[in-house]
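Subject: Structure handover

Hello,

Please open it first; my notes follow below.

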Amino acid sequence: MRRTLKLSLVLSVTGSLLAFDQFYIITRGGPQNGTISMVYWIYSNAFSSFRVGYAAAMSIALLALVLLVSLGQLVLLRDRDA
Amino acid sequence: MIGRRGVTMLYYALCGAITVAFLFPVAWVLASSLRPGEGAAPPPGWLPSMLTLENYATLTRVGAGLWRYVGNSVAVSLGSAAAVAVIATLAGFGFSRFRFRGRQVAFIVVLAAMMVPFQTVLTPLFIVLRTVGLHNTLLGLTLVYTTFHLPLGMFLMLTAIESVPRALDEAAVIDGAGPATLLGRIVLPLVAPSIVTVVLINFIASWNEFLGALILMTDQSNFTVPVMLVTVAFGYMGTVDWGALQAGTVLTILPTLALTLAFQRYYVQGLVAGATKG
């Protein structure tokens, strides 16, 4: 089951890292940005404060982070006997 | 010591408990949507003492009217689902049956779109769409959904078409079939369940999509249903009509539920198609 577990783990962890809807709808990131997510922070920078360049830079950083976390999981769950 | 029967009973009890846990919020939303007036506001009550459809009536008076938003959502979801199905089938056929220069590279480029999360390209996407004048249009949103749902659809279609035996192709070619006949009369009927799956997955994904619609649609008359519901939730002048919100939630669940139930058989069939291929 290692491969199935690997796939669902990677998918659900990246999905959670990129969460936005729930934060936006339920708490709007409040109180005092206490429940803000990374995508929410990017969104509010780009479309509320109009710091588009900063937001785009953060998007790249987020992409790198997601890539790193996924790679970490893939390495930890690699097939030992292969 | 519990016997085989005890184990079976425990198993069903566990399944029942999980089912109740998953269905409870849905049941609660349904109950509150039928509750009159302030009854739907938190703190939540339990069963409504009086049933009413007034919340659903309120919903038709929100903004440009409920049907406008449902129409937007249906147009965008159906449009992108149909586009993905057509393009994915053609692409899957091409990648499966033709060997051409740059095939590997082209395939990886398409799959790369799946590996880059949608959330990280939001800002550039908005700028690009604004530059070409497609932001705040339903066509623009449809194209965005098509682009981001295409890789998965193509992947599914490719595995499905790969599982159609080459012997069938060869037999048809001997009988004088060209590529078009091959696709239309041999491959297409055999991968129909997968096409249904692709349409269904994409329709539901586009129907539920929120972030992209929120950013790209700035005119209230262009909102899709989820975005419209959020504007209802945040209320006008600080008041929230919880009843209308719950009614809207019920209405958004209905189409996806109906579609999934109607095509469930194909859905499962299509997802596992090609899965057994070594």
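The lining of the second largest pocket splits into 16 nonpolar, 5 polar and 1 charged residues. Keep in mind that this is a predicted model.

More on that pocket. Its volume is about 720 Å³. The lining counts 22 residues, and those closest to the centre are A:I25, B:P226, B:L229, B:T249 and B:T252. Both chains take part: helix 2 of chain A and helices 1 (4–33), 9, 11 (225–234) and 12 (242–272) of chain B each give at least two lining residues. Helix 12 of chain B contributes the most, with 7 residues.

Now the largest pocket. Its space comes to about 1700 Å³. It is lined by 36 residues; A:L11, A:T14, A:L18, B:M114 and B:P117 are the closest to its centre. Two or more lining residues come from each of these elements: helix 1 (2–17), helix 2 (21–27) and helix 4 (52–76) of chain A, plus helix 4 (103–115), helix 6 (138–162) and helix 9 (192–208) of chain B. By class, the lining holds 25 nonpolar, 8 polar and 3 charged residues.

Last, chain B as a whole. Chain B has 12 helices and 0 strands. Of its 278 residues, 40% count as buried. Among chain B contacts with a separation of 6 or more, 73% join residues 24 or more positions apart.

Best wishes

Methods. Residues are numbered from 1 along each chain as its sequence is written. Chains are lettered from A and ligands numbered from 1 in the order in which they are written. This is a predicted model: local features need pLDDT of at least 70, side-chain atom pairs count only at pLDDT 80 or more; totals for chains, interfaces and linings use all residues. Side-chain values use heavy atoms; hydrogens and water are left out. Helices (H or I, at least four residues) and strands (E, at least two) are DSSP runs, numbered from the N terminus. Buried means under 20% relative accessible area, exposed over 50%, partly exposed in between (1.4 Å probe, protein chains only). Contact means heavy atoms within 4.5 Å. On a 1 Å grid over the protein atoms alone, a cavity is a set of points where a 1.4 Å probe fits but cannot get out, and a pocket is an open set with protein on both sides within 12 Å along at least five of seven lines; lining residues have an atom within 4 Å of a point. Grid points are joined across faces, edges and corners, and a volume is the space filled by probe spheres set on the points. Ala, Val, Leu, Ile, Met, Phe, Trp, Tyr, Cys and Pro count as nonpolar, Asp, Glu, Lys and Arg as charged, and the others, Gly among them, as polar.
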